[in-house]
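Here are my notes on this one, jotted down while going through the model.

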Amino acid sequence: LNLGIMSNPILLIIQREFLSRVRKKTFLLVTLIGPLAFAALMIVPGLLATMPEDSKQIIVLDEPSILLPHEGKEQYTLEYLDPRENDLELAKELLRDSQYDALLYIPSGENWDPDFIKNNILLFGKEDPSMEMQGYLDYLLEEQINKAKLLKNGVDPEVVAQIKTNVSIKSFTLGEEGTDEQSAVPIKMALGYITGMLIYFFIFFYSVQVMRGVMEEKSSRIVEVIISSVRPYQLMMGKILGIGLVGVVQFIIWIGLSGILYTVISTFLFPELFAEQAAAGTVGNPAADMVGLEVLDMLRSIDFTAVILGFAFYFFGGYFLYSALFAAVGSAIDQEADSQQFMIPVTIPMILAIVTAMNVIQEPNGALAFWMSMVPLTSPITMMIRLPFGIPLWEVFLSGGILVCTFFTVVGLAGKIYRVGILMYGKKVTWKELFKWLKY
């Protein structure tokens, strides 16, 4: 094996790039911290949501008596001032000199005009009132004002509440006879967005490593020694493949550590929480049973094999394409500060794919989604967003074929820039000069 590696310069460079990065402490730190960060993103919001929040006491100056005798809830308690003995200024003085947290003022207006009331309700706080507090009070006031308006017009609010009907449409994807599947749009949207963001993160992260590696070797003059033994194209390809292999190893380790963390958390750290979630779908809760079965049906409608294979293909395809561009950029400059003028045009397509992600999610088979998934600079992200929705197979093959062909074309062009720029020092390179290098 060693003889084979020594006889092939590209394999030798791959080995060097892989081992030099894997042995770094930063690689170990990022590899270990990555799953912990993902676990924290999943667990911490849930823990914060279950933590009891500080209760707030709100004094209410309710001139038209809309909220009376509503006492609020445990988190937000309401205490009322007598509007015959207090006005707004006295209520604000009371708020300043007391333990209360906020003041809600509801003016009466003339002839009990609901439009005047709803547009002149004021909320004062010793600190900025939270969005949750404002949302709760908005909901409470809307409900009470609507009831008062119904009573004023001789309509019983209870009758209106009884005739309200909530409609929940179950959507299905039409397949072959007898193979209709329940639509899983929310799950597909979440899966597509997450995988698209992961593709963006990994492509950008590892492609920038290629650029920095080229710049380090160029600035330290090591590349002059290396070029005496291998061709510039071999050096560029070896660096791209070696760093890509580092990404694959790191990603596999992340998956394994994430599975271990999930097992440890669910078994040892929060057994009660997971036990309650499991019990929610047992015989004692038929509604939860139905929800659980619907979720399982939705998950079965997603072709996870296609998603996983697509993720692997578009990660490598996107990485190879962008790493070749970043390698060319790294060879043309001496300092990282000079890279901005070249990096921005290269990264704009990826940013455009992220910006249009919500439009693609809403219309995965629309014209925008189709053409964005055909353009090779945006297809890795856009196609990963579309894959969970089960797009036609010919579109996947067409997009993949265009991406592969573009990669070989870009590698050839980037190799020309790399060949000239890797040994050029002390000169500010412009776009015009890069185009000249392509003609050499």
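1. Helix 17 passes helix 18 in a left-handed crossing, left-handed meaning that the near helix is turned anticlockwise from the far one by less than a right angle. Axes here are lines fitted to C-alpha atoms, for helices over the stretch in contact, with angles from 0 to 180 degrees between N-to-C directions. Helices (H or I, at least four residues) and strands (E, at least two) are DSSP runs, numbered from the N terminus.

2. Who touches whom? On the helix 17 side the contact uses S379, P380, M383 and R386, and on the helix 18 side E395, V396, S399 and L403; contact means heavy atoms within 4.5 Å. Sorted by class, that gives four nonpolar, two polar and two charged residues. Nonpolar is Ala, Val, Leu, Ile, Met, Phe, Trp, Tyr, Cys and Pro, charged is Asp, Glu, Lys and Arg, and polar is the others, Gly among them.

3. A word on the source: this is a predicted model, where local features need pLDDT of at least 70 and side-chain atom pairs count only at pLDDT 80 or more, while totals for chains, interfaces and linings use all residues. Residues are numbered from 1 along each chain as its sequence is written, and side-chain values use heavy atoms, with hydrogens and water left out.

4. Now the sheet: it is open, has four strands in the order 2-1-3-4, and its pairing is mixed. Two strands pair if DSSP finds at least two bridges between them. Strand 2 (76–80) and strand 4 (122–125) are the edges, each with a single partner strand, so one side of each has no neighbour in the sheet. From one strand to the next, the twist averages 25°.

5. Strand 1 (residues 56–62) runs parallel to strand 3 (residues 102–106) over five bridges, with L61 partnered by Y105 and D62 by I106. Five bridges also join strand 1 to strand 2, again in parallel, and Q57 stands opposite T77 there. Five of the seven residues in strand 1 are buried, that is, under 20% relative accessible area with a 1.4 Å probe, protein chains only.

6. Helix 4 (residues 88–96) touches strand 1, strand 3 and strand 4, and its direction makes about 170° with that of strand 3. Helix 6 (residues 131–152) lies across strand 1, strand 2, strand 3 and strand 4, at about 55° to strand 2.

Conventions
Buried < 20%, exposed > 50% of the residue type's maximum accessible area, 1.4 Å probe, protein only.
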